[in-house]
Amino acid sequence: CAIIYASKWNYSGAYFLMFFQIAGAVLGAVGQMQQAKAAATASDQRARQMKIDREVGKIQARQQQTARQEQYFDDLAANEAYFAFNRDVGGDMSVEAFLNREKDPMRQDISRMGFQASMEASSRATSALVESERAKNSLVAGRLNAMTTIAYGVAQAQRTAAGASGGGKL
């Protein structure tokens with residue numbers, strides 16, 4: 001009688017152990033999914049910020065280009081005023097050559113600023129795409145980890161059941 005009672009207690013204790021193994025696996029899987037969702041949300045937020053930074057960079061580049069043009073026109077006006085005071089601006093070829101040469105650096109500066117802004121915008125767009133992919137990959141990895149955790153918990157419960165029924169060791 002004592003052997004039968006102990007055997008029933010062992011078997012019912014195995015059920016409790018199996019329940020906790022499976023419950024632990026499910027809770028672990030839920031935690032992994034929440035962690036994956038949090039990582040995906042953070043990646044999505046970084047991607048959105050990168051897109052905003054790209055637009056801000058374009059605006060800043062336009063502002064710098066405009067400032068450079070304004071500087072050129074201010075310098076041009078100052079030079080013309082100086083030359084008008086000392087020389088005949090319209091009739092002096094050296095003054096005309098000087099004023100024409102001053103256009104080239106301004107154009108080159110504006111062209112460089114535009115190219116740099118374009119390159120930075122392209123880099124930020126690529127970074128945003130990579131970050132968006134990272135978000136998707138986080139979710140996939142979280143799902144796979146969750147499934148693995150559940151499968152491990154079920155396998156542990158099966159080993160516990162087999163050990164409790166006398167089919168193997170605990």
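1. Basis of the model. Residues are numbered from 1 along each chain as its sequence is written, and side-chain values use heavy atoms, with hydrogens and water left out. In this predicted model, local features need pLDDT of at least 70 and side-chain atom pairs count only at pLDDT 80 or more, while totals for chains, interfaces and linings use all residues.

2. Overall fold. The chain contains three helices and zero strands, and its pattern along the sequence is α-α-α. Here helices (H or I, at least four residues) and strands (E, at least two) are DSSP runs, numbered from the N terminus. Of the contacts between residues at least 6 apart in sequence, 78% join residues at least 24 apart; a contact means heavy atoms within 4.5 Å.

3. Burial and surface. Of the 170 residues in the chain, 21% are buried. The terms are as follows: buried is under 20% relative accessible area, exposed is over 50%, and partly exposed lies in between (1.4 Å probe, protein chains only). The accessible surface of the chain is about 12000 Å², with 60% of it belonging to carbon and sulfur atoms; such areas come from the Shrake-Rupley method with a 1.4 Å probe, and for residues only the protein chains shown count as cover. Gln35, placed in helix 1, is exposed because its relative accessible area is 60%.

4. A nonpolar patch. Ile22, Val26, Val30, Ile150 and Val154 make a nonpolar surface patch of about 340 Å². Patch residues have over 30% relative accessible area and no salt bridge; like charges are joined within 9 Å, and nonpolar side chains (Val, Leu, Ile, Met, Phe, Trp, Tyr) within 5 Å. Helix 1 (2-86) and helix 3 (103-164) each supply at least two of the patch residues, and helix 1 gives the most, with three. Val154 is located in helix 3 and counts as partly exposed because its relative accessibility is 34%.

5. The cavity. Which residues line the largest cavity? The lining consists of Arg54, Gly57, Lys58, Ala117, Glu120, Ala121 and Arg124. Helix 1 and helix 3 are the elements that give two or more residues to this lining, and the largest share, four residues, comes from helix 3. A cavity is a set of points, on a 1 Å grid over the protein atoms alone, where a 1.4 Å probe fits but cannot get out; lining residues have an atom within 4 Å of a point. The largest cavity holds about 30 Å³ of space.

6. Salt bridges. The count is eight salt bridges, each being a side-chain nitrogen of Lys or Arg within 4 Å of a carboxyl oxygen of Asp or Glu. In one of them, Glu131 pairs with Arg46, with the closest N and O atoms 2.8 Å apart. Glu131 lies in helix 3 and Arg46 in helix 1, so this pair ties together parts that are 85 residues apart in sequence. Glu131 is buried, at 4% relative accessible area, whereas Arg46 is partly exposed, at 39%. A further salt bridge links Asp104 with Arg107, at 4.0 Å between the closest N and O atoms. Because Asp104 and Arg107 are three residues apart in helix 3, about one helical turn separates them.

Definitions and conventions. 1 Å grid on protein atoms, 1.4 Å probe; cavity = no way out; pocket = protein on both sides within 12 Å on 5 of 7 lines; lining within 4 Å. Points joined across faces, edges and corners; volume = space filled by probe spheres on them.
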